[in-house]
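Subject: Structure handover and notes

Dear colleague,

I am passing on the structure we talked about, together with some notes on what was found in it. Please keep the view open while you read, so that each residue can be looked up as it comes.

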Amino acid sequence: MKSKILYIAREPQKKLSGGASVDKRNLSILQELYGKSNVIIEYLPKTTMKNVILSLLTLSSYGVTPQQEKNILQLQTKNKCSIIFIEGSLSGYIIKKISQIGGNIILHMHNIETLLYKQKYNTNRGVVSYLCYRFVQFNERLSVKYSDYIISLNKRDNDELEKMYNRKANLILPITFPMRKLPKINVIGKYLLFVGSDFFPNVEGVKWFITEVAPYIDINVKIVGGCCNNHLLINLSLPENVSFEGYVNDVDPYYLEAAAVIAPIFSGSGMKTKTVEAMSFGKTIIGTDEAFVGIEGDLNKIGALCNNSYEFIKAIQRLQRNVFNDYTYTVFMNRYTHEIFRDRLNSFINTVDR
């Protein structure tokens, strides 16, 4: 008899971010392994400032109202799921309460949220950002303490877990993407591509690249995604070779004709979804240390590791503008496919749920 799984995540939005795409993968694979009827889904509503303030005043899970927490606890009391799979470490109070009901709690950590919110606070030094950072820290500490098992994305996050909370992850599983049927395109790439949501590390990186690198290279640059709508970028004076494409429903055509993907990311935690997505298209990737966290392979063959404007400019000047990088795609197939994730997750849950 298949186990019943209670799956808890933020409500998916129409415009998927990197984190939301990982949620979608996890849910799909859990349903594939254990059957849709055996996976009970409980979505937490999109975080709003009103809900964050209310949860702060009541010391609830981050952005979750007491009534929403009550609904989840009643759901677990009624169904007695043997596995509770929770996305992200912002629901610490829920995790603490579920641990008193019973079931194996598996916490899937997309990143170390405390570090991410601290970086955000350091960017603007606002009172609200500081309160959010401390409240996130409160919830993440509870999440780590009361979860039975933790899955992290990479060794760096695992090391930070031990450093901050004196606990290691039980399993390290990186971001993955499905195998694609890639068409044979024997053309020279037309542009550099950046894909990213309206998330502060993306905005920070794009703004830096536009001012510090783009004016000094002789190739077009296309920026795709929700980051294009951020007020810090809308008001920028763009060089002639940079264009904002905005949010698009299908990024595949942009990837297929790109000479390379750029990833000028200087802040963040976890792994970068955009890096693995680019690998699934067999792209050459020019990125920072942060962009390549969790990626195992020869970065000089995948593309180039660059952490300042000089290194980016030189790497782009040396770029072979082929649209397909065989080495990148081979690394992807060997390490970062959904099939690999599915098999490892299945083995892990079978060990947990005995």
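Before turning to the rings, one definition is needed: rings of Phe, Tyr and Trp (its six-membered ring) count as a pair if their centres lie within 6.5 Å, and planes under 30 degrees apart count as stacked. Please also bear in mind that this is a predicted model, and that the values below are computed from it.

With that rule in hand, Tyr 62, Tyr 117, Phe 135 and Phe 138 form one aromatic cluster, and the count for the protein comes to 15 aromatic pairs. One of these pairs is formed by Tyr 121 and Tyr 133, which are stacked with 6.4 Å from centre to centre and 10° between the planes. This pair links distant parts of the chain, since Tyr 121 belongs to helix H5 (residues 113–124) and Tyr 133 to helix H6 (residues 127–146), twelve residues apart. Both Tyr 121 and Tyr 133 are buried.

Another stacked pair joins Phe 135 and Phe 138, with 6.0 Å between the centres and 10° between the planes. These two residues are three apart in helix H6, so about one helical turn separates them. Are they buried or partly exposed? Phe 135 has a relative accessible area of 3% and is therefore buried, whereas Phe 138, at 28% relative accessibility, counts as partly exposed; the cut-off that decides this is 20%, under which a residue is called buried.

For the protein as a whole, there are 15 helices and twelve strands. The radius of gyration is 21 Å, close to the 20 Å that the globule rule gives for 354 residues, so the protein is as compact as a globular protein of that length. Along its principal axes the C-alpha trace spans about 60 × 45 × 35 Å, and 53% of the 354 residues count as buried. Among contacts between residues at least 6 apart in sequence, 70% join residues at least 24 apart.

Lys 96, in helix H4 (residues 92–101), is partly exposed with a relative accessible area of 27%, and, leaving aside neighbours within four places in sequence, Lys 96 is in contact with Leu 142 and Tyr 146. The C-alpha atoms of Lys 96 and Ser 143 are separated by 7.1 Å, although these residues are 47 apart along the chain. Thr 275, in helix H11 (residues 273–280), is buried at 2% relative accessibility and touches Ile 285, Ala 291, Phe 292 and Ile 295, not counting residues up to four places away.

Finally, a point about the backbone: most residues other than glycine have a negative phi. Leu 59, in the loop between helix H2 (49–58) and helix H3 (66–79), has a positive phi near 50° and counts as partly exposed at 44% relative accessibility. Asn 166 also has a positive phi, of about 55°; Asn 166 is found in the loop between helix H7 (155–165) and strand E6 (171–172), and is exposed, with a relative accessible area of 69%.

Key. Residues are numbered from 1 along each chain as its sequence is written. This is a predicted model: local features need pLDDT of at least 70, side-chain atom pairs count only at pLDDT 80 or more; totals for chains, interfaces and linings use all residues. Side-chain values use heavy atoms; hydrogens and water are left out. Helices (H or I, at least four residues) and strands (E, at least two) are DSSP runs, numbered from the N terminus. The radius of gyration is taken over C-alpha atoms; the globule rule is 2.2 Å times the number of residues to the power 0.38. Buried means under 20% relative accessible area, exposed over 50%, partly exposed in between (1.4 Å probe, protein chains only). Contact means heavy atoms within 4.5 Å. Rings of Phe, Tyr and Trp (its six-membered ring) pair if their centres lie within 6.5 Å; planes under 30 degrees apart count as stacked, over 60 as edge-to-face and the rest as tilted.
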